[in-house]
Protein chains: 2
Amino acid sequence: MRRIYDDELKSMHAQFTKMGLMVNENILLAVKAFINHDKEAANRVKKNDKAINNIELEIEEMCFKLIALQQPVSSDLRSIVTVMKASSDLERMGDHAVSIARSVIRVKELHNKRIPLVEGKIAEQAEVVKDMVEDSLDAYIRIDVEAAYTIAETDTKVDDLFVEINKLCLKEMAKDAEVVPGGTDYIAVSGYLERIGDYVTNICERIVYLKTGELSELN
Amino acid sequence: MRRIYDDELKSMHAQFTKMGLMVNENILLAVKAFINHDKEAANRVKKNDKAINNIELEIEEMCFKLIALQQPVSSDLRSIVTVMKASSDLERMGDHAVSIARSVIRVKELHNKRIPLVEGKIAEQAEVVKDMVEDSLDAYIRIDVEAAYTIAETDTKVDDLFVEINKLCLKEMAKDAEVVPGGTDYIAVSGYLERIGDYVTNICERIVYLKTGELSELN
């Protein structure tokens with residue numbers, strides 16, 4: 001009995017990690033689509049998100065059954081609750097990838113004037129976010145509290161880049177009206193990345209919770 | 001024993017509703033602060049959000065204890081899982097109120113040129129969102145599936161207003177460079193309201209789930 005239960009717990013964690021990898025890939029694809037103005041890739045992001053939403057439902061059902069049938073207590077219950085709450089965070093990160101993809105579809109249609117400097121900064125911000133997502137999934141598997149703290153600290157870098165991109169865009173938009181539609185999209189996309197960073201921080205808080213049972217704000 | 005358990009379940013639902021009311025009030029305060037350029041009110045929004053985050057933690061602890069000590073099954077477990085998942089949605093709605101408040105603090109400092117027409121539209125969008133939040137809390141208490149469907153449909157109105165506000169802002173910003181910083185804030189605030197509408201839709205999906213045990217997308 002305990003053996004089956006352990007297998008089910010393992011399989012729940014495996015599904016959660018799989019969902020995390022799917023979300024990470026979709027964020028990357030969305031940012032790539034944005035930089036390359038690739039509408040076809042943007043559409044793939046939207047399609048992939050359906051699979052992400054489905055896996056979230058599957059995970060929730062697994063958690064529900066585990067609780068109902070196995071009546072877990074203490075640390076097992078804590079890990080189930082963590083997966084339930086953190087899978088919402090992953091799902092929202094996925095939603096932001098879709099929002100980025102929507103900007104791509106809009107930008108392409110309007111034939112906006114581009115700002116290469118800003119696009120470079122967005123690529124830089126996306127790179128930091130990507131590392132945060134990957135590192136947090138890795139830290140989750142190892143329940144590595146030290147790593148969780150370090151990753152959460154990195155989020156200030158994502159926030160700083162958002163502020164910088166914002167200022168750059170406002171400056172360019174005030175100088176050249178043709179930059180206005182694209183500029184607002186740059187700001188929006190950078191804002192989505194900033195929020196993805198916040199969700200990664202939430203996941204880091206959950207890693208600390210898994211270890212300590214205490215939920216505290218890391219940023 | 002069952003009596004104590006029922007009381008605890010009731011108290012969990014009461015806390016969830018209380019959290020919902022707090023979030024709703026904070027969204028209203030944030031929008032008011034935005035329209036009136038009221039920095040002091042914006043700071044109050046940020047302060048209130050701390051209390052909202054705390055009540056979310058309290059609710060999670062209540063849910064955790066209920067599961068661990070009472071080992072609920074079927075519909076009771078479903079309602080506990082609902083409260084756990086939906087309180088994350090409320091918390092994020094609260095985060096968007098804070099984002100709106102941050103815009104207020106930024107706008108005030110920059111002495112931006114205003115666009116009264118857009119401000120009127122944002123007030124209109126906020127009014128629809130407010131009704132959606134209130135109605136969803138009410139539908140949650142009564143587990144009213146019909147109401148949940150109706151509320152979720154209203155979300156298209158919020159989305160349409162977002163598109164309209166976006167277009168209006170882009171037009172004005174292209175005409176007048178002085179409008180640029182304020183215009184990007186209008187777009188951002190309208191986007192936060194749009195996303196709050198999405199979270200209300202999530203809560204509506206949870207109301208359907210409470211009744212039917214099925215999780216499906218309402219929008």
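**View 1. Salt bridge between A:Arg92 and B:Asp89 in the predicted model.** The side chains of A:Arg92 and B:Asp89 meet with N and O 2.3 Å apart. This pair belongs to an interface, that of chain B and chain A, across which the rule finds 6 salt bridges. Polar contacts across the interface of chain B and chain A join 16 residue pairs, both residues being at pLDDT 80 or more.

**View 2. Elements of chain B on the side that touches chain A.** Two or more residues each come from helix H2 (39-70), helix H3 (74-110), helix H5 (145-175) and helix H6 (180-212) of chain B. H3(B) gives the most to this side, with 11 residues. Sorted by class, the side of chain B that touches chain A has 19 nonpolar, 8 polar and 9 charged residues.

**View 3. Contact and buried area between chain B and chain A.** The contact involves 36 residues of chain B and 36 residues of chain A. Between the two chains an area of about 3,000 Å² is buried, and carbon and sulfur atoms give 60% of this area. On the side of chain B, the residues that lose the most area to chain A are B:Phe64, B:Lys85 and B:Arg92. Together these three residues account for 20% of what the side of chain B buries.

**View 4. Packing of H5(B) with H6(B).** The axes of the two helices come within 9 Å. They cross at roughly 170 degrees; angles over 145 degrees count as roughly antiparallel, and H5(B) and H6(B) are therefore roughly antiparallel to each other. The residues of the contact of H5(B) with H6(B) divide into 20 nonpolar, 7 polar and 5 charged.

**View 5. Salt bridge between A:Lys113 and A:Asp176.** The closest N and O atoms of A:Lys113 and A:Asp176 are 2.7 Å apart. Over all chains, a search of the whole structure finds 30 salt bridges.

Notes. Residues are numbered from 1 along each chain as its sequence is written. Chains are lettered from A and ligands numbered from 1 in the order in which they are written. This is a predicted model: local features need pLDDT of at least 70, side-chain atom pairs count only at pLDDT 80 or more; totals for chains, interfaces and linings use all residues. Side-chain values use heavy atoms; hydrogens and water are left out. Contact means heavy atoms within 4.5 Å. Buried area is the accessible area (1.4 Å probe) that two parts lose on being put together, summed over both. A salt bridge is a side-chain nitrogen of Lys or Arg within 4 Å of a carboxyl oxygen of Asp or Glu. A polar contact is a pair of N or O atoms within 3.5 Å; within protein, one must be able to donate a hydrogen and the other to accept it, and residues adjacent in sequence count only if both atoms are side-chain atoms. Helices (H or I, at least four residues) and strands (E, at least two) are DSSP runs, numbered from the N terminus. Ala, Val, Leu, Ile, Met, Phe, Trp, Tyr, Cys and Pro count as nonpolar, Asp, Glu, Lys and Arg as charged, and the others, Gly among them, as polar. Axes are lines fitted to C-alpha atoms, for helices over the stretch in contact, and angles run from 0 to 180 degrees between N-to-C directions. Angles under 35 degrees count as roughly parallel, over 145 as roughly antiparallel, 65 to 115 as roughly perpendicular and the rest as oblique.
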